[in-house]
Amino acid sequence: MATLVKTPSGTWKAVIRKTGFPTTAKTFRTKRDAEDWSRRTEDEMVRGVYIQRAPAERMTVADALKRYLAEVSPTKRPASAACDVRHSKPLIKGLGKYSLAALSPEIIAKYRDERLAGLDRKDAKGNPDPRPRSPNTVRLDLALLGHMFTTAIREWGIGLPSNPVQNIRRPAPPPGRERRLTQTEEERLLTAVDSHSNPMLGWIVRLALETGMRSAEITTLRRNQVDLKRRIVRLLETKNTAPRTVPLSSTATAILQEALANPVRPIDTDLVFFGEPGRDGQRRPYNFNKPWLKAKETAGLKELHFHDLRHEAVSRLVEGGLSDQQVAAISGHKSMQMLKRYTHLRAEDLVEELDSITLRRNSKNSAER
């Protein structure tokens, strides 16, 4: 039976001591409220459905996210940890004052809708400047919040009946880009990157078109990962965490040969594509973002993304006759569904294939006659 004690301030404190459960206490304004809570809690203990809610009622979303950033994010890759920090800021601003127990699916759904509509945007003067926000940005917000709740429930001993983020609709992911390069566009792009003073920009762009490697996979390459004799590159750290070996075409081999023979290579780095030393004296991968933006603008391809080069490379492998399994082994896609997003075949090439099929069929019919 619960013990009810009247405090000096006039409130009522209910204390429940039951074998097999931690001592539980809560303070209420009236004795009736304390009695009702005591009966409900003891009934849950008897039925085996009791959840200790006090930690969830004390911990705010802001405190939980800060703990997540301190304990969980450092175990992730640097890019993922930085992404967590970036997406935690709007979550703390919009939901940080709520306790974990008070944050309901309805509140999270409202946050989702306001973020999608851009109602939290401000202009330079601090005035409201609502502009729609990318669905993927909000999806990443909710992914962080959802994993934080999962971690709190499973590892921090926070008593909650369920993860509230799992009970709301996530924004639909954007459709995959279908940007392909025409021959003329490719020529303009390569001319633009070759005009840059640093030849590494041209090597990186050509390598992306030849191998389908991601920008980070290219710029973090070290000399011991490149085997020109066997014509392979060993990628140890990839986006999906699975190491893979990328075969090199004769063109890609020549590009890497030239890059490795770079006459201005400093002796203090093993990076194939190296940048200037930072304030700490350490050299980091070549940051080609600014010259890339300028080059594609010069080529009249301002809307082109660097990742579109990977898309183009993978599509060319498919058009070249490689099977889905072979292409996936090169590109590193774990699922055929993801690979399908990158293999948009040109309609004009399919027209030629259809003509070839028709020609072969007509030839066969003529021979049978």
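In which sense do E4 and strand E5 pair, and over how many bridges? Select residues 232–235 for E5: the pairing with E4 is antiparallel, over two bridges. Strands, like helices, are DSSP runs numbered from the N terminus (strands E, at least two residues; helices H or I, at least four). Two strands count as paired if DSSP finds at least two bridges between them.

This is a predicted model, in which local features need pLDDT of at least 70 and side-chain atom pairs count only at pLDDT 80 or more, while totals for chains, interfaces and linings use all residues. Residues are numbered from 1 along each chain as its sequence is written, and side-chain values use heavy atoms, with hydrogens and water left out.

**Stop 1: the E4-E5-E6 sheet**

Stay with E4 and E5. Pick Val226; its bridge partner in E5 is Val233. The three strands form an open, antiparallel sheet in the order E4-E5-E6. E4 (226–227) and E6 (244–247) are the edge strands, each with a single partner, so one side of each has no neighbour in the sheet.

**Stop 2: the whole chain**

Zoom out. The protein chain has 15 helices and eight strands. Its C-alpha trace spans about 95 × 70 × 45 Å along the principal axes. The radius of gyration is 29 Å, whereas a compact globule of 369 residues would have one near 21 Å. That radius is taken over C-alpha atoms, and the globule rule is 2.2 Å times the number of residues to the power 0.38.

**Stop 3: the E1-E2-E3 sheet**

Select E1, E2 and E3. They form an open sheet in that order, with antiparallel pairing. E1 (3–6) and E3 (24–28) stand at the edges with a single partner strand each, so one side of each is left without a neighbour in the sheet. Neighbouring strands here are turned by 20 degrees against each other on average, direction ignored. Five bridges join E2 (residues 12–16) to E3. Click Ile16 to find one end of a bridge; its partner in E3 is Thr24.

Next, show H1 (residues 31–47). This helix packs on the sheet and touches E1, E2 and E3; its direction makes about 15 degrees with that of E2. Contact means heavy atoms within 4.5 Å. Axes are lines fitted to C-alpha atoms, for helices over the stretch in contact, and angles run from 0 to 180 degrees between N-to-C directions.

**Stop 4: the E7-E8 hairpin**

Select residues 274–277 and 283–285. These are E7 and E8, antiparallel and joined by two bridges. Pro277 has Arg283 as its bridge partner in E8. Five residues lie between the two strands of this hairpin, and Gly281 in the turn has a positive phi of about 85 degrees.
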